[in-house]
Amino acid sequence: MNRIQPDETISLIPDGSPTATIPPRYSLGVSPGSYAGKWTGQPVRHPLPEDNEDEWVRAQTGYCQPHPGPSVGNYLVRRDPMALISGDLPRFALLDYRREASHKLTPYLLGDVRVMIKIGGKNIWLDEHGAVETDYFPWGTQHRVEIGPLTVLATASLIENVGLALTLAVDHHSDEPVEVLLCCGGLGMADMRGGDRPECLLLHSELEANDHIVIADGAALFTDEAIPYAVRVQADAKEVVLMADTDDVLKRAAFRWILSAGPAQLNLVVSKQVSPSTPLNPAYAGQYISATKQYYADLLVGLEIRTPDPLLDAAFYSAVAGLDYTYAAPGWFEGLTDWPSYFSNNYQLSAAVALRQDARAKAALRFFALHPGGPGQVYHADGSADESGKSYAQNDGLFYAILQLYHYWKATGDRATLAEVWSAFCGTLEQYVSLRDSDGDGLLDFHPGCNVFLYQADHLSLPGAGFSPSVMFAAMLPRMAEMAQSLGEQGLADGWRLHADRLHWMLSDQFWFAEEGRFVSGIDPQGRRQVASYYTDYAFPALYSSLPVEKRYQSLLAMDQTLSLGPCLLRTGNYRPDLFGNNGVHQVGMCEAAEGQCREGRAQRGWELLHGTAAGATVISFCPGTFYEFASWEGQGLLNKHFGNPIGCYVQAVVTGLFGFIRTTAPAAQSWQPAIPESWPRAYLRLGGTELEITGQAAARTYRIRPDSPQAANLRLPLFGRRAVRSVDAAGEELAFITEAHPAGGFIHVELAASTEHVVTLTLSSPATLSETFAPSPKSKIAPLPVAATARYRTVAMDLSPYFNGDRIRPVNFWGYLAWIPGAELTYDLRPYVEKASATTGELVAGDFSFTVIPAGRNLAVLSLGDLDSKTNRLGAATVPAQFTFPVGRTIAGLEFLTVAEPRVRLTGMEGGRVECRYADGFVESFPLIVGEQLDSTLSPYATRTTVFRLAKGRSGLSSHLAAWRIPVDATRITETVTVRVTSFDIMLAVLAINLNFAFKVAKFT
């Protein structure tokens, strides 16, 4: 079978990464959204629990997991509420998604099916032997296996949303009879730990042990105490037997065939038995599969994409299928292997509008708006509210809900639904502002747990005014005003527009950081600007706001400079440590950033980010065609397959970003602003009755839009730094246009009267250099201080026992992970690590450093100013001092420190403390301690100017560490005293030891 090979035109990962390339695991298939792979069957190793934990932590920090494959259970096809579990190897299972009041998933596993072949006196499992060619389709899988004298083609698919169909086409090339057994069993609650691994589901044979199996009338009826109904399995075999305690089988029903030479067709069906229920007939297995193929083919009716990037196209079709997999009326689950919850920031709703799934979009809007509590909340799979978010913000996802309502209203003109949900949106907006604008200045506070608004920003904990929530607020107010005006509420509309204008002025004035050409993430109650940023701080101005165009454009350049990992990958932020949403690669972030790049005319950059996303969801994925919760630093998807936000965000970024189509309904004019890279010869997208086509490269390009009904159109077309020479319609008639100056290279605006087709051909001149004048200067690089220089110094240990005031600190990173566990503070028992131990002290060697420490007990000088409550912006004073001062009275050359620190994520890159040396002549020299240079999280070392001493896992199950670092001191002066102080809230610094450095005297020779 011919294969379309993966696109190799640009690198998927940056030069200098741990690996230069990631070889594709899969190739593209011959039909839209299909994939192929070649494997050798092998037994599956079930990981130990500690292996799962280690891999989960590695995934959280963005490290790629080298699973060469093949995997079992890594492919999932779902049609609410049932799912087919298949994978690289021919083993198949059926899953039933339960609706429950939880965001964790433990669904019903309705057994799996394995194929055993008895040949030449051996019992062989088909998924453990032989050469396997696998095709992965939106409707299921096909496995072609060559094993001995047999060729087996196994086809598996769902039967609507009630069961599983499996057919085996066997070609027997030998005269010796062969016995084939389809072995079924293993009911129970599914082990979804596989959400953290390549496997969607780990199929444990132990589940077979307590199955109750009744064999009658050629069928097997399974029951299990964990499942409230029976499961019926039937095949067209002449015999069904019960297997137990043999051939790796605890208890299974086996459907048995004896095959002679030639072809044979074996059919099996699995279904849940819920009264009333019509038994499925295995004779119709092929028809069941054909019907399911047709269902998924119908999803693509009216949808077509053709670009020069085959990965981008394949990922688009897979995202359309994924949008259906995650649908669970009246909305979309956020995740299928974890988080089966309704999130109000679901990009799926806007994607549904783009794909003309208006009925589903309307149902989801009404669900969120009319549910008690209003739009903007999180709901479990059973529709109940997630109470865990109440302490943060009950309506945190409101702004995305407003955006989705606006998209739906503009696309459909459905004024009745707008009027129905309007009061809920207005009431929730008022409630949200009162909650988040604590000082009444109009700027909104950031807060932890903001996942519903800024996806994967759960624990940034940024007290004070936040840029991203404030700019999104300012952007949504004009949209609310437009909808209010349509409902006749002119006064409300006028007030919101005035408030939006004021907010835009405040944001541009107070948050702009001219030195780096970007907006700062926030301003804390101390008046200090945040240094680290989240991708939304760079992308939201371009995506949603009416801030000055130069600042929007510079923000995108700064994002590339700060967060890019080469041409095709983008980090979510540069907060540290590398946990979840701090500093990793996230498919949803790349898609939303790509849309922002396209909106500002940076077509090439927008496409590159979409290409990197597509690669991680297709050929370098662990599960082809699957969008993941986030990705490794090499772009490979990790954790939680078929995750809702990246699925919807990718569709939206392709449609409304790359192709620039935001649907409107007549009599309003259709707006179209495509962002197709200038080197592409052609790009085509069909969405229902609307066709979009771009042909020709930048210097001579034709744009064609064919709406599904006569409609006027306003086109904004890129000039790519050139000048427009001519603009004509399909008949060659000159068209009037207006030129827009823009740092991306300019645009022209063309307004066209209502028609069923609009064609504009642009002829452009040679390139100009307008965009170069807006590029910000590169940030300066500062050479790091040496972390150790003991070869040049002799050291004397300071006695710090008078300042020791504690024996533990409490970690606050990773959502305050350990703060939830009583008594889970970290203590520092150094007895296993010290040398030359006496009754009270010992020597601890960290790299080139050597410190005298108190091994256990009260061995920390703990310093803190206190904590800023990011919900109230109130200061909680510390119970420990913020500084201590010790005398020196000598000339020294430097100071060495052994410390542990625990700062909030928000302090990344900011000053957290100081070391102040007071000299005898009265001069005071101050050395700032920067989070990320000398200070970092005790659980996850990331400081760049330290030597790390790692400790073993404690009661928390996580490793902690000590940090050794040095600062130079003026050796020409006498140092009277040294003060160590904490200068920022939300940081705890503990000092275990300090050394004084003395320069060696150099002998004089004559």
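Arginine 663 is buried in this predicted model, with a relative accessibility of 11% (buried means under 20% relative accessible area, exposed over 50%, and partly exposed in between, with a 1.4 Å probe and protein chains only). The residue is found in the loop between S30 and S31 (strands, E, of at least two residues, and helices, H or I, of at least four, are DSSP runs numbered from the N terminus). The model is a predicted one, in which local features need pLDDT of at least 70 and side-chain atom pairs count only at pLDDT 80 or more, whereas totals for chains, interfaces and linings use all residues. Residues are numbered from 1 along each chain as its sequence is written, and side-chain values use heavy atoms, with hydrogens and water left out.

The side chain of arginine 663 makes a polar contact with the side chain of aspartate 358 at 2.7 Å (a polar contact is a pair of N or O atoms within 3.5 Å; within protein, one must be able to donate a hydrogen and the other to accept it, and residues adjacent in sequence count only if both atoms are side-chain atoms). The backbone oxygen of valine 353 is also reached by the side chain of arginine 663, at 2.8 Å. With neighbours within four places in sequence left aside, the residues in contact with arginine 663 include Arg356, Lys410, Ala411, Thr412 and Gln670 (contact means heavy atoms within 4.5 Å).

Serine 671 has asparagine 714 in S35 as its bridge partner.

An antiparallel arrangement is found for strand S50 (residues 911–919) and strand S51 (residues 924–930), which pair over 7 bridges. Valine 915 is bridged to phenylalanine 927 in S51. The two strands, S50 and S51, form a hairpin with 4 residues between them, and glycine 922 in the turn has a positive phi of about 95°.

The largest nonpolar core contains 247 residues, of which Phe255, Phe316, Phe399, Phe425, Tyr650 and Phe659 touch the most other members (a nonpolar core is a set of buried Ala, Val, Leu, Ile, Met, Phe, Trp, Tyr and Cys residues joined through side-chain atoms within 4.5 Å). Helix H8 (residues 467–486) supplies the largest share of this core, 12 residues. Another core, of 35 residues, lies apart from it and has Val915, Phe927, Leu989 and Leu996 among its members.

Two further strand residues are buried. Leucine 187 is located in strand S12 (residues 178–189) and has a relative accessibility of 2%. The C-alpha atoms of leucine 187 and leucine 110 are separated by 4.9 Å, although these residues are 77 residues apart along the chain. Beyond its neighbours within four places in sequence, leucine 187 is in contact with residues including Leu109, Gly111, Leu207, Phe222 and Val231. Serine 86 lies in strand S4 (residues 82–86), and its relative accessible area is 0%. With neighbours within four places in sequence again excluded, the contacts of serine 86 include Asn74, Tyr75, Phe92 and His143.

The structure holds 38 aromatic pairs (rings of Phe, Tyr and Trp, the last by its six-membered ring, pair if their centres lie within 6.5 Å; planes under 30 degrees apart count as stacked, over 60 as edge-to-face and the rest as tilted). Tryptophan 339 and phenylalanine 343 form an edge-to-face pair, 5.7 Å centre to centre with 85° between the planes. Tryptophan 339 is partly exposed at 24%, whereas phenylalanine 343 is buried at 5%. A stacked pair is formed by phenylalanine 897 and tryptophan 965, 4.4 Å centre to centre with 10° between the planes. Phenylalanine 897 lies in strand S49 (residues 894–903) and tryptophan 965 in strand S53 (residues 959–968), so this pair ties together parts that are 68 residues apart in sequence. Both residues, phenylalanine 897 and tryptophan 965, are buried.

Note on methods: Pairing = 2+ DSSP bridges.
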